[in-house]
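Please look over the sequence and the structure first.

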Amino acid sequence: MHVQRQSVLACLEAVAVAATRTDEASQSSCLAFVNGRVMSFDGKDMACSSASPLNGVRGAVKAQTVLEYLRKHPAEEMEI
């Protein structure tokens, strides 16, 4: 699937506010892609969810890692 890097990045940054910034791979530091939505949860008080720009993707990734990659990637369109 072809996606616009900036639109994916904007959506994931908005949802990632609830993800903690730790080096461990716990649920609270990840973005989860489930049923057409992307979600994050800090493990205590805050959760964020939005329609996923990556429709059909299912799984979890470290928020900090994927955001850094998307910020540095030079292409405006990406194949996911």
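How are α1 and α2 oriented to each other, roughly parallel or roughly antiparallel?

## Basis of the report

This is a predicted model, in which local features need pLDDT of at least 70, side-chain atom pairs count only at pLDDT 80 or more, and totals for chains, interfaces and linings use all residues. Residues are numbered from 1 along each chain as its sequence is written, and side-chain values use heavy atoms, with hydrogens and water left out.

## The two helices

Helix α1 spans residues 5-15 and helix α2 spans residues 63-72; their axes come within 10 Å and cross at roughly 150°. The two helices are therefore roughly antiparallel to each other. Angles under 35 degrees count as roughly parallel, over 145 as roughly antiparallel, 65 to 115 as roughly perpendicular and the rest as oblique. The axes are lines fitted to C-alpha atoms, for helices over the stretch in contact, and the angles run from 0 to 180 degrees between N-to-C directions. Helices (H or I, at least four residues) and strands (E, at least two) are DSSP runs, numbered from the N terminus.

The crossing of α1 past α2 is left-handed, a term for a near helix turned anticlockwise from the far one by less than a right angle; clockwise is right-handed. On the α1 side, the contact is made by Arg 5, Val 8, Leu 9, Leu 12 and Glu 13, and on the α2 side by Val 66, Leu 67, Leu 70 and Arg 71. Contact means heavy atoms within 4.5 Å. Sorted by class, the contact of α1 with α2 has 6 nonpolar residues, 3 charged ones and no polar ones. Here Ala, Val, Leu, Ile, Met, Phe, Trp, Tyr, Cys and Pro count as nonpolar, Asp, Glu, Lys and Arg as charged, and the others, Gly among them, as polar.

## The nonpolar core

The largest nonpolar core has 18 residues, of which Val 8, Leu 12, Leu 31, Phe 33, Val 38 and Leu 70 touch the most other members. Such a core is a set of buried Ala, Val, Leu, Ile, Met, Phe, Trp, Tyr and Cys residues joined through side-chain atoms within 4.5 Å. Two or more residues of this core come from each of α1, β2 (30-34) and α2. The largest share, 5 residues, is given by α1.

Val 8 lies in helix α1 and is buried, with a relative accessible area of 3%. Buried means under 20% relative accessible area, exposed over 50%, and partly exposed in between (1.4 Å probe, protein chains only). Not counting residues up to four places away in sequence, Val 8 touches Val 3, Pro 53, Leu 54 and Leu 70. Leaving aside neighbours within four places in sequence, Leu 31 is in contact with residues including Leu 12, Val 38, Gly 59 and Val 66.

## Residues in loops

Ser 28 and Ser 29 both lie in the loop between α1 and β2. Ser 28 is buried, at a relative accessible area of 16%, and Ser 29 is buried too, at 1%. Not counting residues up to four places away in sequence, Ser 28 touches Ala 18, Ala 19, Thr 20, Phe 41, Asp 42 and Gly 43.

Where does Asn 35 lie? Asn 35 is in the loop between β2 and β3 (37-41), and at 69% relative accessibility it counts as exposed. The phi of Asn 35 is near 50°, a positive value in a residue other than glycine. Most residues other than glycine have a negative phi. Asn 35 and Val 57 are 22 residues apart in sequence, and their C-alpha atoms are 8.4 Å apart in space.
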